[in-house]
Amino acid sequence: MRAEPLRFVTFEGSEGAGKSTQIHRLEARLLSLGEPVLTVREPGGTPLGERLRRLLKESSPELAISPESELFLFLASRAQVVRQAIQPALAKNSWVLSDRFSDSTLAYQGGGRGFSPDLLRSLNRITCAGLSPSLTFVLDLPLSEAGHRLTRRKAGSGQGDRIEEEPPEFFERVRDTYRDLARLEPERVRLIDASRPEDEVAAGIWEIVSRVFGL
């Protein structure tokens, strides 16, 4: 008898791809079925993680964060959310939906910043306590469309974001790394065309989730 997959689903992609929208739509769909769901985000998901998130997101010349410091701050947030939130929820057979997880490190600190993928995988194993998602959605969007979405979002919020200020070449490398991950692990990592209408994207995600988990 095949073991049931761990009910741990992660959402990945570049800025502006619509991760937050789609993760909340999946959360609502599962809750409507009476399923227990924990939704977390990275960085964040715990009191410590949310403090680290503010540091990592802040766009300020007085707060220059080196690539090495950035890497370990992200990992610290993940180590905390795994142990304080994700593992306890999974132990209770709850669904866990995470807005980013270990693949973000490979894409942003590996593809984007140039750290060794082997080093990052070793650090991820320690940080995640060996935990890996059963299913990962990479919301893929051309950089031109992502840029338009970010411009609209920034105009609405009036807030800057340190990562969003990186040059286009950085996000090209991030996107290429995500697409490589989807090619290397096609059963776990599903590439989703995020340029489609929101309802179509949500329907495609639900079809995959329901098939993988037998809903």
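**Figure 1. The order of elements in the predicted protein chain.** From the N terminus on, the elements run β-α-β-α-α-β-α-α-β-α-α-β-α. The model is predicted. Its secondary structure comes to 8 helices and 5 strands. The C-alpha trace spans about 55 × 35 × 30 Å along its principal axes. The radius of gyration is 17 Å, which agrees with the value near 17 Å for a compact globule of 215 residues.

Figure 2. Of the 215 residues, 48% count as buried. The accessible surface comes to about 10800 Å². Carbon and sulfur atoms hold 53% of that surface. Take the contacts between residues at least 6 apart in sequence: 80% of them join residues at least 24 apart. The chain has 30 positive and 31 negative charges.

Figure 3. Strand β3 covers residues 95–99. Here 5 of the 5 residues are buried, so β3 is largely enclosed by the rest of the structure. In a regular strand the side chains alternate between the two faces of the sheet. Trp95, Leu97 and Asp99 point one way from β3. Val96 and Ser98 point the other way. Residues on both sides are buried.

**Figure 4. The strands paired with β3.** Which strands run parallel to β3? Strand β1, residues 8–13, is one of them, and 4 bridges join it to β3. Within this pairing, Phe8 has Val96 as its bridge partner in β3. Strand β2 also runs parallel to β3, joined to it by 5 bridges. Strand β2 covers residues 37–41. Its residue Val37 has Trp95 as bridge partner in β3.

Figure 5. Ser94 sits in the loop between α3 (67–91) and β3. Is Ser94 buried or exposed? Ser94 has a relative accessible area of 9%, under the 20% cut-off, so it counts as buried. Its contacts, leaving aside neighbours within four places in sequence, are Arg7, Pro36, Val37, Leu38 and Ala89. One of these contacts, Val37, is the bridge partner of Trp95 in β3.

Figure 6. Arg100 lies in the loop between β3 (95–99) and α4 (102–112). Most residues other than glycine have a negative phi. Arg100 is not a glycine, yet its phi is positive, at about 85°. Arg100 is also buried, with a relative accessible area of 10%.

**Figure 7. Ala129, another residue with positive phi.** Ala129 is found in the loop between α5 (117–127) and β4 (135–140). Its phi is positive, about 55°, although Ala129 is not a glycine. How exposed is Ala129, and what is its relative accessible area? Ala129 is partly exposed, with a relative accessible area of 40%. Arg100, by contrast, is buried.

**Figure 8. The cis peptide bond at Pro43.** Most peptide bonds are trans. The bond from Glu42 to Pro43 is cis. Its omega is near -15°. Pro43 has its place in the loop between β2 (37–41) and α2 (47–57). Strand β2, at one end of this loop, is joined to β3 by 5 bridges.

Terms used:
Residues numbered from 1 in each chain as written. Predicted model: local features only at pLDDT ≥ 70, side-chain atom pairs only at ≥ 80, totals over all residues. Heavy atoms only, no water. Helix = DSSP H or I, 4+ residues; strand = E, 2+ residues; numbered from the N terminus. Rg over C-alpha atoms; globule rule 2.2 N^0.38 Å. Buried < 20%, exposed > 50% of the residue type's maximum accessible area, 1.4 Å probe, protein only. Contact = heavy atoms within 4.5 Å. Areas by Shrake-Rupley, 256 points an atom, 1.4 Å probe, with all protein chains shown as cover. Lys, Arg positive; Asp, Glu negative; His and termini not counted. Charge placed at Lys NZ, Arg CZ, Asp CG, Glu CD. Pairing = 2+ DSSP bridges.
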